[in-house]
Amino acid sequence: MSLDRRPEDDSPVDPSSGESPEAASAEIIRRELTATFWAGPLPHPDLLRAYDEIVPGSAKQLIDTFDRQAHHRMELEKAVILGDVSRSNRGLWMAGSGVIAVLVVAAVVILTGHDTAGIVIASVDIGSIVAVFIYGTESRRRERNEKARAVPDPSEVTPPPAG
């Protein structure tokens, strides 16, 4: 007795069963595809295992390299932030010194008998401080609003369909 084979699953078809090979090949074939997604700074753990099988110790080297790079990046960010704070403080001290110097000049001008000129100098000096304060406050408010618009509200975000 000869047995033909079904093309889909390679199982034998018994010609005496009355089922022809064409009828057997008309069966519905179910195939399942499984996909995985990995997002992160390091490769998927299975890939790390595979690297380690090819070159022993390479997974540890990759993790150590990532750790060193992350530490380095954090140190650079810290240096940038500290530098910004230092420049900001230096600018405040210099601006404050300049304002005080101009007010001293205005006082000297007033004490030498030029009241109007001294008052104008002091007014311009104080007015410029107020203008800078108002401009800085408005600039920060605008920046905060732009950042708020760039980040979506979690309550408005619709989750992706399941499945």
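1. Ser58 is a buried residue, with a relative accessible area of 12%, where buried means under 20% relative accessible area, exposed over 50% and partly exposed in between, computed with a 1.4 Å probe on protein chains only. Ser58 lies in helix H3, which covers residues 58-111; helices here are DSSP runs of H or I with at least four residues, strands are runs of E with at least two, and both are numbered from the N terminus. Setting aside residues up to four places away in sequence, Ser58 touches Tyr51 and Asp52, a contact being heavy atoms within 4.5 Å.

2. The model is predicted, and local features need a pLDDT of at least 70 while side-chain atom pairs count only at pLDDT 80 or more, although totals for chains, interfaces and linings use all residues. Residues are numbered from 1 along each chain as its sequence is written, and side-chain values use heavy atoms, with hydrogens and water left out.

3. As for the chain as a whole, it has four helices and two strands, and from the N terminus on its elements follow the order β-β-α-α-α-α. Of the 163 residues in the chain, 9% are buried, and among contacts between residues at least 6 apart in sequence, 8% join residues at least 24 apart.

4. Helix H3 has 54 residues and reaches 79 Å from its first C-alpha to its last, close to the 80 Å expected at 1.5 Å a residue, the expected span being 1.5 Å times one less than the number of residues. The buried residues of H3 are Ser58, Ala59, Ala70, Gly83, Val99, Ala106 and Val109, and what covers them includes helix H2 (45-54) and helix H4. Just after H3, Gly113 takes a positive phi of about 100 degrees.

5. H2 and H3 pack at an angle of about 125 degrees with their axes 7 Å apart, where axes are lines fitted to C-alpha atoms, for helices over the stretch in contact, and angles run from 0 to 180 degrees between N-to-C directions. The two helices are therefore oblique to each other, since angles under 35 degrees count as roughly parallel, over 145 as roughly antiparallel, 65 to 115 as roughly perpendicular and the rest as oblique. Leu48, Tyr51 and Asp52 of H2 meet Ser58, Ala59, Leu62 and Ile63 of H3 in this contact.

6. The axes of H3 and H4 (residues 115-150) come within 7 Å and cross at roughly 165 degrees, which makes H3 roughly antiparallel to H4. On the H3 side the contact is made by Val99, Val102, Leu103, Ala106, Val109 and Ile110, and on the H4 side the residues include Ala117, Gly118, Ile121 and Ala122. The residues of this contact divide into twelve nonpolar, one polar and two charged, with Ala, Val, Leu, Ile, Met, Phe, Trp, Tyr, Cys and Pro counted as nonpolar, Asp, Glu, Lys and Arg as charged, and the others, Gly among them, as polar.

7. Val109 of H3 counts as buried at 18% relative accessibility. Leaving aside neighbours within four places in sequence, Val109 is in contact with His114, Ala117, Gly118 and Ile121; Val109 and Ile121 are twelve residues apart in sequence and 8.9 Å apart in space, C-alpha to C-alpha.

8. In H4, the residues Gly118, Ala122, Asp125 and Gly136 are buried, and the buried residues of H4 pack against H3. The 36 residues of H4 should span 52 Å at 1.5 Å a residue, and the end C-alpha atoms of H4 are 52 Å apart, which agrees.
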